[in-house]
Amino acid sequence: MELIVVRPEEFGEAAMNALDRALAATERPSLGIPTGSTPVPLYERLAEITYCFPPGSVCFALDEYVTARADATGTNAAFFRRHWPAHLPTVTTPDAGAADPEAAIAAHCRAIAAHGGLEVVLLGIGRNGHIAFNEPGSERDAGCRVVTLAEETRRAAAADWPEGAPTRGMTIGVREIMAARRAILLVTGPAKAAALRAAITGPVTATLPASYLQEHRSLVIVCDTAAWSSAALQ
Ligand code: GLP
């Protein structure tokens, strides 16, 4: 595990450097891409310098909401339309409004598998230690599936869902995350400090799915001083 701690204003650049190092080691990567406020400085930096991925790169969303309002601004598809750099390969998302969400996430994961799995997985972390939409209780071998979202996760998303966040999501599993050749965990802000500390120093447990990353073969954590100093002080 490699830990990179930077000042908040340096976070986008540091995350980009970590991604750049991961991509340098590969020729035709498939990437798993997160939503959330945490990766936005990275996406802004990639756009600013027109950063290029290796030719043939493919990008897959880690997760999506299940909603009848597939055109809602809170979906991950809408997030990527707002925040993902236009010059980079489009991020494939499972269909939020699919009549059969199980089939939608299964098709998404088959597409990932067809590319040989994920070469690089970028991750955020929920305050409750979730990764993608693998909520507390997710087992180490949990695969791609439809999940019930934790109340805390729905509350965190409330600003994007004025009529209330969906109760269900679709996610790649802990299994697909752990199978990725390289993982980069992005963490910012004091509100994530407890989850970060537990993920790195606590027991590996389904209660905190991010703790599985302790066993990942190639994990780089990029966090800001706000997340790290609060974590270190607890
Ligand atoms: C959502 C996403 C996760 C993300 C998390 C943290 O639950 N499904 O992939 O890591 O939010 O979001 P934020 O970065 O806004 O704290």
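**Burial, backbone and ligand**

Modeller: Ser 30 is buried, with a relative accessible area of 3%. The model is a predicted one.

Biologist: Where is Ser 30 placed, and in which strand?

Modeller: Ser 30 has a relative accessible area of 3% and is buried. Its place is in residues 30-33, which form strand E2.

Biologist: Which backbone oxygen does the side chain of Ser 30 reach?

Modeller: A polar contact needs N or O atoms within 3.5 Å. The side chain of Ser 30 has a backbone oxygen at 2.5 Å, and that oxygen belongs to Gly 117.

Biologist: Is Thr 50 buried, partly exposed or exposed?

Modeller: Thr 50 lies in the loop between helix H2 (40-48) and strand E3 (58-61). Thr 50 is not a glycine, yet has a positive phi of about 50 degrees. Buried means under 20% relative accessible area and exposed means over 50%. Because Thr 50 has a relative accessible area of 45%, it is partly exposed.

Biologist: Ala 132 is another residue with a positive phi that is not a glycine. Does Ala 132 count as buried or exposed?

Modeller: Phi of Ala 132 is near 50 degrees, and the residue is found in the loop between strand E6 (120-123) and strand E7 (145-148). The limit for buried is under 20% relative accessible area. Ala 132 has 8% relative accessibility, so it counts as buried.

Biologist: Ala 132 is also among the residues around the ligand. How many residues of the shell are nonpolar, polar and charged?

Modeller: The residues around the ligand include Ile 125, Ala 132 and Phe 133, as well as Asp 63 and Lys 192. Also among them are Thr 35, Gly 36, Ser 37 and His 130. The shell divides into 3 nonpolar, 7 polar and 2 charged residues.

Biologist: Which atom of the ligand lies 2.7 Å from a polar side-chain atom of Asp 63?

Modeller: Asp 63 is one of the residues around the ligand. The ligand atom at 2.7 Å from its polar side-chain atom is a nitrogen.

Biologist: Which residue has a polar side-chain atom 2.8 Å from an oxygen atom of the ligand?

Modeller: Ser 37 has a backbone N or O atom 2.8 Å from an oxygen atom of the ligand, but this is a backbone atom. The polar side-chain atom at 2.8 Å from a ligand oxygen belongs to His 130.

Biologist: What percentage of the accessible area of the ligand does the protein cover?

Modeller: The ligand sits in the largest pocket. On its own it has 390 Å² of accessible area, of which the protein covers 85%.

Technical notes:
Residues are numbered from 1 along each chain as its sequence is written. This is a predicted model: local features need pLDDT of at least 70, side-chain atom pairs count only at pLDDT 80 or more; totals for chains, interfaces and linings use all residues. Side-chain values use heavy atoms; hydrogens and water are left out. A residue is near a molecule or strand if one of its heavy atoms lies within 4 Å of it. A polar contact is a pair of N or O atoms within 3.5 Å; within protein, one must be able to donate a hydrogen and the other to accept it, and residues adjacent in sequence count only if both atoms are side-chain atoms. Accessible areas come from the Shrake-Rupley method with a 1.4 Å probe; for residues, only the protein chains shown count as cover. On a 1 Å grid over the protein atoms alone, a cavity is a set of points where a 1.4 Å probe fits but cannot get out, and a pocket is an open set with protein on both sides within 12 Å along at least five of seven lines; lining residues have an atom within 4 Å of a point. A molecule sits in a cavity or pocket if more than half of its atoms lie within 2 Å of its grid points. Ala, Val, Leu, Ile, Met, Phe, Trp, Tyr, Cys and Pro count as nonpolar, Asp, Glu, Lys and Arg as charged, and the others, Gly among them, as polar. Helices (H or I, at least four residues) and strands (E, at least two) are DSSP runs, numbered from the N terminus. Buried means under 20% relative accessible area, exposed over 50%, partly exposed in between (1.4 Å probe, protein chains only).
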